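Work through the exercises below with the sequence and the model at hand. Each task is followed by a solution in steps.

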Amino acid sequence: LSPVDATRGAVRYLKSLHFMFGGDWRLAVMAYNAGEYRVLGALKRSGRTFQNARPESLPGLPEITHSYVRKLQTLSCLMDSADDREAWLAA
């Protein structure tokens with residue numbers, strides 16, 4: 001029931017997924033959204049490992065998971081660009 005505790009738990013889980021998937025944030029976010037075993041299964045079906053994965057083309061994952069990754073990448077780019085735009089930061 002605590003937003004602070006829930007956020008800390010989510011960050012810990014994302015860190016463990018990041019480690020599990022060899023430092024690939026896209027795979028970690030996909031696993032956070034769809035489940036780690038679903039992403040591991042998609043990697044296996046594609047004949048790839050986290051070292052040579054192509055997250056955007058993993059089979060068997062819902063479109064919403066791929067969309068989730070694209071949205072977070074877009075948000076990351078916007079935040080990265082916002083640091084030198086006072087109006088963006090104020091908004």
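On a 1 Å grid over the protein atoms alone, a pocket is an open set of points where a 1.4 Å probe fits, with protein on both sides within 12 Å along at least five of seven lines, and lining residues have an atom within 4 Å of a point. Grid points are joined across faces, edges and corners, and a volume is the space filled by probe spheres set on the points.

This is a predicted model, in which local features need pLDDT of at least 70 and side-chain atom pairs count only at pLDDT 80 or more, while totals for chains, interfaces and linings use all residues. Residues are numbered from 1 along each chain as its sequence is written, and side-chain values use heavy atoms, with hydrogens and water left out.

**Exercise 1. Describe the largest pocket and its lining.**

Step 1. The space in the largest pocket comes to about 240 Å³.

Step 2. The lining consists of Leu14, Trp25, Arg26, Val29, Tyr32, Tyr68, Val69, Leu72, Gln73, Leu75 and Ser76. Two or more lining residues come from each of α2 (25–34) and α4 (63–82). Helices here are DSSP runs of H or I with at least four residues, strands are E runs of at least two, and both are numbered from the N terminus.

Step 3. With six residues, α4 supplies the largest share of the lining.

Step 4. Sorted by class, the lining holds eight nonpolar, two polar and one charged residues. In this sorting, Ala, Val, Leu, Ile, Met, Phe, Trp, Tyr, Cys and Pro are nonpolar, Asp, Glu, Lys and Arg are charged, and the others, Gly among them, are polar.

**Exercise 2. Which residues do Thr65 and His66 touch, beyond their neighbours within four places in sequence?**

Step 1. Both belong to helix α4: Thr65 and His66.

Step 2. Thr65 has 0% relative accessibility and therefore counts as buried. His66, at 9%, is buried as well.

Step 3. Contact means heavy atoms within 4.5 Å. On that basis Thr65 meets Met30, Asn33 and Ala34. The partners of His66 are Met30, Pro55, Glu56, Leu58 and Leu61.

**Exercise 3. Find the largest nonpolar core and the residues with the most contacts inside it.**

Step 1. A nonpolar core is a set of buried Ala, Val, Leu, Ile, Met, Phe, Trp, Tyr and Cys residues joined through side-chain atoms within 4.5 Å.

Step 2. The largest one has 15 residues, and Phe21, Leu27, Met30, Val39, Leu43, Leu58 and Leu61 have the most contacts inside it. Helices α2 and α3 (36–46) each give two or more residues to this core, and α2 gives the most, six.

Step 3. Take Leu61 as a case: beyond four places in sequence, Leu61 is in contact with Met30, Ala34, Arg38, Val39, Ala42 and His66.

**Exercise 4. How many helices and strands does the protein chain have, and what share of its residues is buried?**

Step 1. The chain has five helices and zero strands.

Step 2. Of its 91 residues, 25% count as buried.

Note on methods
Buried < 20%, exposed > 50% of the residue type's maximum accessible area, 1.4 Å probe, protein only.
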